[in-house]
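Subject: Structure handover

Hello,

Here is the structure for you to look through. Please open it first, then read my notes below.

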Amino acid sequence: MDNNPAMKTLDSAVEKYGGKKEALLSIMHEIQKAQGSISEDSARYLSQKLDIPVSQVFSAATFYRAFSTEPRGKHHIKVCTGTSCYLRASEKIFERIGRELNIAGEGASEDGEFSVEKVRCMGCCNAGPVMAIDEQICEDVSAGKIPDLPKQEIIGEMTHRKATTVIKKYREDK
Ligand code: FES
């Protein structure tokens with residue numbers, strides 16, 4: 001057993017599933033939840049522990065949406081940049097969120113509270129442009145409907161109740 005806390009997380013996830021290679025995805029879910037991503041080091045460690053090719057771990061980490069190879073914030077925001085949403089200016093939404101949360105491009109805020117990424121079609125083009133906060137879909141979003149966080153404004157009609165709560169709490173904690 002390794003004393004490094006990150007490796008301890010990996011070891012406990014592997015042990016929880018009896019070190020079975022068939023449980024790779026379940027093990028990866030545990031790690032994603034605990035560490036916010038499947039890092040390259042984690043993938044290599046898992047490969048050794050489970051005696052499977054590292055390419056198999058990387059493939060799963062990049063193929064399934066539930067996993068991320070980059071660190072995620074406590075609240076993860078996905079902005080759809082599929083064709084339909086793109087044509088309705090979803091890039092502007094992405095940029096606006098980045099400005100509001102001080103995140104350059106895709107990635108996480110410095111305090112680890114939020115992360116943002118662009119995703120392909122989320123399967124609800126008619127409601128677009130869409131984004132999701134913690135898997136809760138926000139429909140008919142526009143950059144103008146995203147508030148300036150420091151202004152203590154209610155986020156507005158574009159959001160799902162959950163999104164409002166999350167961002168309001170973020171403002172209050174600042
Ligand atoms: S393109 Fe955005 S939901 Fe389909």
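Start with confidence. In the protein chain, helix α5 (residues 83-87) has the highest confidence, at a mean of 94, and helix α7 (residues 161-173) has the lowest, at 55. The score here is pLDDT, the predictor's confidence in each residue, from 0 to 100. Helices (H or I, at least four residues) and strands (E, at least two) are DSSP runs, numbered from the N terminus. Over residues 148-161 the pLDDT is below 50, and this stretch has 26 contacts in the model beyond near neighbours in sequence. Two residues are in contact if their C-beta atoms, placed from the backbone, lie within 7 Å. The chain averages a pLDDT of 80, and 82% of the residues score at least 70.

Two ground rules. This is a predicted model: local features need pLDDT of at least 70, side-chain atom pairs count only at pLDDT 80 or more, and totals for chains, interfaces and linings use all residues. Residues are numbered from 1 along each chain as its sequence is written.

Now the sheet. Five strands form an open sheet with mixed pairing, in the order β2-β3-β1-β4-β5. Two strands pair if DSSP finds at least two bridges between them. β2 and β5 (136-138) stand at the edges with a single partner strand each, so one side of each has no neighbour in the sheet.

Strand β1 (residues 75-80) pairs with strand β3 (residues 114-119) in the parallel sense, over six bridges. Lys 78 stands opposite Glu 117 in β3. Cys 80 has Val 119 in β3 as its bridge partner.

Strand β2 (residues 107-108) runs antiparallel to β3, and two bridges join them. Gly 107 stands opposite Val 116 in β3. β2 and β3 form a hairpin, with five residues between them. Gly 112 in the turn has a positive phi of about 75°.

Helix α6 (residues 90-101) lies across β1, β3 and β4 (131-133), and runs at about 155° to β1. Axes are lines fitted to C-alpha atoms, for helices over the stretch in contact, and angles run from 0 to 180 degrees between N-to-C directions.

Next, the helix pairs. Helix α1 (residues 5-16) and helix α2 (residues 24-35) pack at about 150°, with axes 9 Å apart. That makes α1 roughly antiparallel to α2. Angles under 35 degrees count as roughly parallel, over 145 as roughly antiparallel, 65 to 115 as roughly perpendicular and the rest as oblique. Ala 6, Thr 9, Leu 10, Ala 13, Val 14 and Lys 16 in α1 meet Ile 27, Glu 30, Ile 31, Ala 34 and Gln 35 in α2. These residues divide into seven nonpolar, two polar and two charged. Ala, Val, Leu, Ile, Met, Phe, Trp, Tyr, Cys and Pro count as nonpolar, Asp, Glu, Lys and Arg as charged, and the others, Gly among them, as polar.

The axes of α1 and α3 come within 11 Å and cross at roughly 40°. α1 and α3 are therefore oblique to each other. Met 7, Leu 10 and Val 14 of α1 make the contact with Ser 42, Tyr 45, Leu 46, Lys 49 and Leu 50 of α3.

Helix α3 (residues 40-50) and helix α4 (residues 54-63) pack at about 130°, with axes 8 Å apart. That makes α3 oblique to α4. Ala 43, Arg 44, Leu 46 and Ser 47 in α3 meet Val 54, Val 57, Phe 58 and Ala 61 in α4.

Best wishes
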